[in-house]
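Good morning, and thank you for coming.

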Amino acid sequence: MLKMCKGVIQVQLKNNYCHCIDEAVFFFNAELVKLDPKREWSKYSVPELHQCGELYNMLSSSSLELRILAAKSIHLLFVQMEGVFLDSKHHDDVFQSVYQTLLEARTVHGSVPDDFQPDEGNTRVATYLLTLGIIAVTSAYLETKSLYALCVAVVQSNIEPLVVSKVIRRIAASRNMSLKLYMRQHLPYLATQWLQDQKDFQMFPSCLLETTNFKSLLEENLDLLLPVLLEFNILQPLEALCTDSEKAINDLLIEHFPVLMAHIFPYIAVETYSLENVIENAKIKNAKGRYKLLEKSLGKQNFNILVTRYIGDITLNIVKLVHDPSICKEGLVIEPNPPHFLPIVIEHTLKFIGDLFENKTLAGVLNSNGRELHKVIFGVSEYLAKASMPHDAGRALSAICALVEVMLFQSNRELEDSALYTIQILVHTLTFYIGDLCKKGCFLADYNNQILKKVCRYSIENYPECLSTCLPVLISRLLPFTKSSSEIWRSANEVVELVMSSTNPEIQNVIIRLPSLPDDDEFSCLDSLRNFHDQLVAENLGYLALYEKVETFLSQTKDYADPHVLTNLWKEITRSRNEIASLYKKLNANEESLGHQLTYHLVSLASSLDEKIAIEASRCLGELGPVALGSPVFSLVDKNPLKLQPLARTDGSSTSQLISILNRYLTTDHIDIVEAASNALYKILATQDGYKAARSLEEGVFKALYPFISRHKSKAGSPSDTGIDGATYKIIVENSEKWIGESNFEKWICNLTCLLIEAGCGSEIMTYALPVCRIKPEVCMFILPVVIHMAVKTDKISRRDVISNQFTIFFHKHCTELKRSASEQKGTPSICMDKNAIQVLLKVINYLRAQTPAVGFTKSQRCTPWDRNLWLKVNYLEVAQAAYYCGAYFSAILFLEIHCEILLSEAHEKHHKQVNNRQMSRLQRVSFHKDSSVMQKLLLKVYSSLGDSDGVEGCGGSAKLLDPSIRGIRSKHRGQWIKTLEIHDAANSLTVISILSFYFNFSIIWMNLQSDCTSEGYLEIIPACVPHAKPETDDSSKMESTRELDN
């Protein structure tokens, strides 16, 4: 076949056959590349055309179709048939040949007519760009080289920058990044390579970073470009920038001091510890020159102060420069942006920095400044969380490994204060991302487990009490990877075995309370460990009752639940069915039983987004059987699941709970939430109230907050509503779009809470929680009642009226929507019909009812328990209807009672006679009011829903129910179905009576009503007919009955 193809090519060159011959040769070469990727036996050539056997040869074809075909198939040159990438040398050799071919193909041959040469040139540019773009997308190893070739093409080949930017934008889109972010990611390499090729940096195509000129390019990317320019001793652009911005060059050096020193310290450390064979002497000499330049420009004393001040940022930037080629056991070793260093260099660099401080290691220095410590640990966690490519994840793991070596094994136990925080965050980070690392490459997950094993070994030896707090999470997350079908079962099993076989008493005390290990065939590797664990439990605890096992389950799954733990709970409940009743015994009258707590927790887990957790939780609920829930109210919980505790009755306790929640968010799944929670904790704990609230927490929680506690004296709080007048507050808060315009609950609660905080809520602490509220609906649900209470409590600018008005509008719109038929409710449902939103506002009202105002809301201003109901001026009847809609029946009765009292109070002020009749029920005493029938009807529905027969019968008395629909509900409740049908039929026939009434035929109506007086449905029309008909009758009892109905 090879000989035949060579012959065809030779004949083609002489006789110039048709286009289909070239196409056939191309497809033949493509098949050869698939069979022999390195072209070890399939390579061929002819004397007239040495590259005829190469796939990229067609890139220089005179045919546009063949050139595009070759460009689209160029990825075949870098992979084997199984999709595995070839080695780096092959990549380099092929790219060099392809790039050279592309450059030669740019030249338009003289055979092309002059009229067609511009079009031909454009098509060749298209081939050039398409080929480099496909290489960049296909090969991560050649991505930066292809990107650099595209940038060079703008200057050397005069290709339109806009066209090149479109190609790079498509490459960035394949990485789920914007053009600017993508170019910034590779800018250090591009700038370094540009200057190494001795090109004028001011000619760099700035439009590729979406900037208009070189000046704006330098300003917006100075953090990346300043170290590169100093390395090549190019100061002129910096001086020009300082002149334009009226800054001194020292200001730029101070602003970017951490990253500058991170690029210098490794070279100094290499020389200090005699590691010169690792790095070229020329680079060391260059770094020493930059070190002296900075020290001279800033002054030695100021230089040392800056090192101390920015120790956390310097450390973080240094560990991010680590590059460990040895961990990449699969695929290509992809080098990061320059500069980068081997792990041994980074470890010695961190040791060198620690030696700059007398009698301390770097760990001790960071421990003495908790904020700097948090910067480093959060920074590496964020690095791993945002790693989208395998090589990025490898670098992030190398950074964590370097940090673990210095922070733990070289710390000399100087992490005493921050050990709990450090170990918790490291364990959480190294266990949470295992599944994601497996998808990127099993070698990465194995490397991750090796680091985790180091952390666990060190913690067991030095800080077992810190590791014990996160052992349940560690074991739960690792267990799924110990299955025999898992590709990383060995490394995962090593970590589990190290921890569970520990003889440390504190570790064992937690281990014996963990559920038994799975006994499935897939977990056969855990057989010996499971037997050891069962024996350990038997020796230390003996037989545990179901009550004790449930207590352990609730304590261990407070922040994290795992399917295995739920499966084990299901087995325990199944084995101990006769002990289930003991779970529901209350110790005190006002205390929830353990069974209720378990049911609450399982219901929350059953709504989890994790299908396995939801199924196992449902199985447990099924085994528990029907439960009389009684008073506990089931509220929304986080999908983590992270349950929010009920609001306390004092602002101080609410602050404590908020701090506790933010502390738990430090180990949540989303790095953005971790960052927001961290920033909030810094500011809250810097206040006197925040610090005092943190001290009231458990010792373990307070100890975990060590990095966030200020070393300086806490400042006193200040109200957050300063400078906002009444008119401005009203304009801000009365934004109807924020209250009823949104249809998505999560957006609604976040926007509304942020709106009220930004408008000024009278609490500095709540203002500091604003970043978390923007992204975490659960926190908004928690603090919204507190925010509204604090805002109304100030009441300096009629905030009570403003907020009351918005609540009234919300509940009124809800009741209006309820009256509309299903056919009338078109489009997206209003937020007023969202049960989650209604429950949130009901919680606000209930929270306010638990607070005692300083001054009463009545004219006397004397505070009484009744004033607790008057924080907001709302229509409690509409609130009761909303509560009924949400299934909060007891709350609905309570709100109806409050509304009835308000009506009686208003009627008493107007001296209404019926109000003072104590022989009548409250509903009867307000029967004159237009709301009375609605109240009766709602009360009947509530008691019917509760199944309270006495309550239904007591709603106003059987003879006083005038509304046919209300009488129908009562008859339905009694089981009188025939009577119910009669009432509804009579109600539907009233249209005839209404017509007669319109024509003033009251006598006829009265005659009909007399003849059918037993039909309850007609009773509704009697009061309207009697004054006009005035029938003559001797039956005084009938007339008395009529007067009563008329009243």
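This is a predicted model: local features need pLDDT of at least 70, side-chain atom pairs count only at pLDDT 80 or more; totals for chains, interfaces and linings use all residues.

In which hand does H44 pass H45, left or right? The crossing of H44 with H45 is left-handed.

H44 and helix H45, the latter comprising residues 835-849, pack at an angle of about 135 degrees, and their axes lie 12 Å apart. On the H44 side, the contact is made by Phe-807, Phe-810, Phe-811 and His-814. H45 contributes Ala-837, Ile-838, Leu-841, Leu-842, Val-844 and Ile-845. Sorted by class, this contact has 9 nonpolar residues, 1 polar residue and no charged residues.

Helix H43 covers residues 777-794 and helix H44 covers residues 799-819; they pack at about 135 degrees, with axes 7 Å apart. H43 and H44 are therefore oblique to each other. Here Ile-788, Ala-791, Val-792 and Thr-794 of H43 meet Arg-799, Arg-800, Ile-803 and Phe-807 of H44. The classes in this contact are 5 nonpolar, 1 polar and 2 charged residues. Please note Phe-807, which is listed in the contact of H44 with H43 and also in the contact of H44 with H45.

The protein has 55 helices and 0 strands. Of its 1047 residues, 50% are buried. Among contacts with a separation of 6 or more, 67% are between residues 24 or more positions apart.

Next, I turn to helix H11, residues 236-245. Which of its residues are buried? They are Pro-237, Leu-238, Leu-241 and Cys-242. These residues cover an arc of only 135 degrees around the axis, so they are on the same side of H11. What do they pack against? The buried residues of H11 pack against helix H9 (214-220), helix H10 (222-231) and helix H12 (249-255). After H11 comes Glu-246, which has a positive phi, near 55 degrees.

I continue with helix H28, residues 505-511, where Val-510 is found. Val-510 has a relative accessibility of 17% and therefore counts as buried, the cut-off being under 20%. Leaving out residues up to four places away in sequence, Val-510 touches Ser-468, Leu-471, Pro-472 and Gln-556. Its C-alpha atom is separated by 8.3 Å from that of Thr-469, although Val-510 and Thr-469 are 41 residues apart along the chain.

Gln-508 is also in helix H28. With a relative accessible area of 19%, Gln-508 is buried. With residues up to four places away again not counted, Gln-508 touches Ser-502, Thr-503 and Leu-536.

Is Glu-54 buried or exposed? Its relative accessibility is 11%, so Glu-54 counts as buried. Apart from neighbours within four places in sequence, Glu-54 is in contact with Asn-29, Arg-39 and Lys-43.

Thank you for your attention.

Notes: Residues are numbered from 1 along each chain as its sequence is written. Side-chain values use heavy atoms; hydrogens and water are left out. Axes are lines fitted to C-alpha atoms, for helices over the stretch in contact, and angles run from 0 to 180 degrees between N-to-C directions. Helices (H or I, at least four residues) and strands (E, at least two) are DSSP runs, numbered from the N terminus. Angles under 35 degrees count as roughly parallel, over 145 as roughly antiparallel, 65 to 115 as roughly perpendicular and the rest as oblique. Contact means heavy atoms within 4.5 Å. Ala, Val, Leu, Ile, Met, Phe, Trp, Tyr, Cys and Pro count as nonpolar, Asp, Glu, Lys and Arg as charged, and the others, Gly among them, as polar. Buried means under 20% relative accessible area, exposed over 50%, partly exposed in between (1.4 Å probe, protein chains only). A crossing is left-handed if the near helix is turned anticlockwise from the far one by less than a right angle, and right-handed if clockwise. The arc is that of the directions from the helix axis to the C-beta atoms.
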